Amino acid sequence: MVATYSRRTTIFSPEVEYAMEAISHAGTVLGVLAKDGVVLAAEKKVTGKLLDLSGATTGGYGGSGEKIFLLNSNVVAGVAGITADANSLVNYARQAAQQHLFSYNEDIPVELLAERLCDLKQGYTQYGGLRPFGVSLLYAGWDPHYEFQLYHSDPSGNYSGWKATSIGANNGTAQSLLKQDYKDDVTLEDAIGLVLKTMSKTMDSTTLGSEKLEFATLTLDPETKTPRAKIYRPAEVDALLKKHDLAKKDEDEEMKTS
């Protein structure tokens, strides 16, 4: 039986709190804004050995399609929460971005895209017969108005701009680490190191590897001056971890195969 508050049309229901609770148990997503780019990293759930991940490792532009998505040529998003809800919002955001491009012949401004998604999410907290989307998003983007930007939105429809932030499990610990180490003039390379260092201390796993981590950057092409999004493939994630001395040790591999 549906509770009475679910049919009301003028108040926020407690279901928003339930959605926030679901997000707090999801894999951590980190975002850091640098002066020459934006970095996103996300913790993936460890899946069973029998799951076929060949499409995630060889197809598309990289990533597993679980935590980090390309919304438009100038916006990448990381999600934490219910994957089915995230897929619905990602599709909506992609359509909104393409509609803006068709109407105005320009990429949609990052804040406008976040606002469009939040308008949809807020409606689902208010109208009868609906439930809130159980997902939070981090938007990493660039536009000529405000250049590199990082936004966060939650199930209530609120959004805010950040220099560095975290959502999902252990986000309190991650926020504390980011407050200690973040600097306003941080470069993209330093931001990558900061994100990997923070993820290594906040993830539930003791080791980092491509099977547990997704990674993406958004930079500006030096020649065309257009945004360039890169979602790292598993081999590239492992190489990045090795570069920063955070890759799995040989004994971990031996234990895995034994």
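Predicted model: local features only at pLDDT ≥ 70, side-chain atom pairs only at ≥ 80, totals over all residues.

Tutor: Residues are numbered from 1 along each chain as its sequence is written, and side-chain values use heavy atoms, with hydrogens and water left out.

Student: What is the order of the strands in the open sheet?

Tutor: Strands are DSSP runs of E with at least two residues, and helices are runs of H or I with at least four, numbered from the N terminus. Two strands pair if DSSP finds at least two bridges between them. The open sheet has 5 strands with antiparallel pairing, and their order is S8-S1-S2-S9-S10.

Student: Which strands are the edge strands?

Tutor: An edge strand here pairs on one side only.

Student: In S2, which residue is the bridge partner of Leu 30?

Tutor: Strand S1 (residues 29-34) and strand S2 (residues 37-43) pair in the antiparallel sense over 6 bridges. A hairpin joins S1 to S2 through 2 residues. In S2, the partner of Ala 34 is Gly 37, and the partner of Leu 30 is Ala 41.

Student: How many residues of S2 are buried?

Tutor: Buried means under 20% relative accessible area, exposed means over 50%, and partly exposed lies in between (1.4 Å probe, protein chains only). Gly 37, Val 39, Ala 41 and Glu 43 point one way from S2, whereas Val 38, Leu 40 and Ala 42 point the other way, and all are buried. The count for S2 is therefore 7 of its 7 residues.

Student: What angle does the direction of helix H6 make with that of S2?

Tutor: Helix H6 (residues 188-202) packs on the sheet and touches S1, S2 and strand S9 (213-220), where contact means heavy atoms within 4.5 Å. Axes are lines fitted to C-alpha atoms, for helices over the stretch in contact, and angles run from 0 to 180 degrees between N-to-C directions. The direction of H6 makes with that of S2 an angle of about 15°.

Student: In the salt bridge of Asp 221 with Arg 228, is Asp 221 buried or exposed?

Tutor: The closest N and O atoms of this pair are 3.3 Å apart. Arg 228 is partly exposed at 43% relative accessibility. Asp 221 has 16% relative accessibility, so Asp 221 counts as buried.

Student: Which element gives the largest share of the lining of the second largest pocket?

Tutor: On a 1 Å grid over the protein atoms alone, a pocket is an open set of points with protein on both sides within 12 Å along at least five of seven lines, and lining residues have an atom within 4 Å of a point. The lining includes Val 79, Ala 80 and Gly 81. Strand S4 (75-81) and helix H3 (83-104) each give two or more residues. The largest share, 3 residues, comes from S4.

Terms used. Salt bridge = Lys/Arg side-chain N within 4 Å of Asp/Glu carboxyl O. 1 Å grid on protein atoms, 1.4 Å probe; cavity = no way out; pocket = protein on both sides within 12 Å on 5 of 7 lines; lining within 4 Å.
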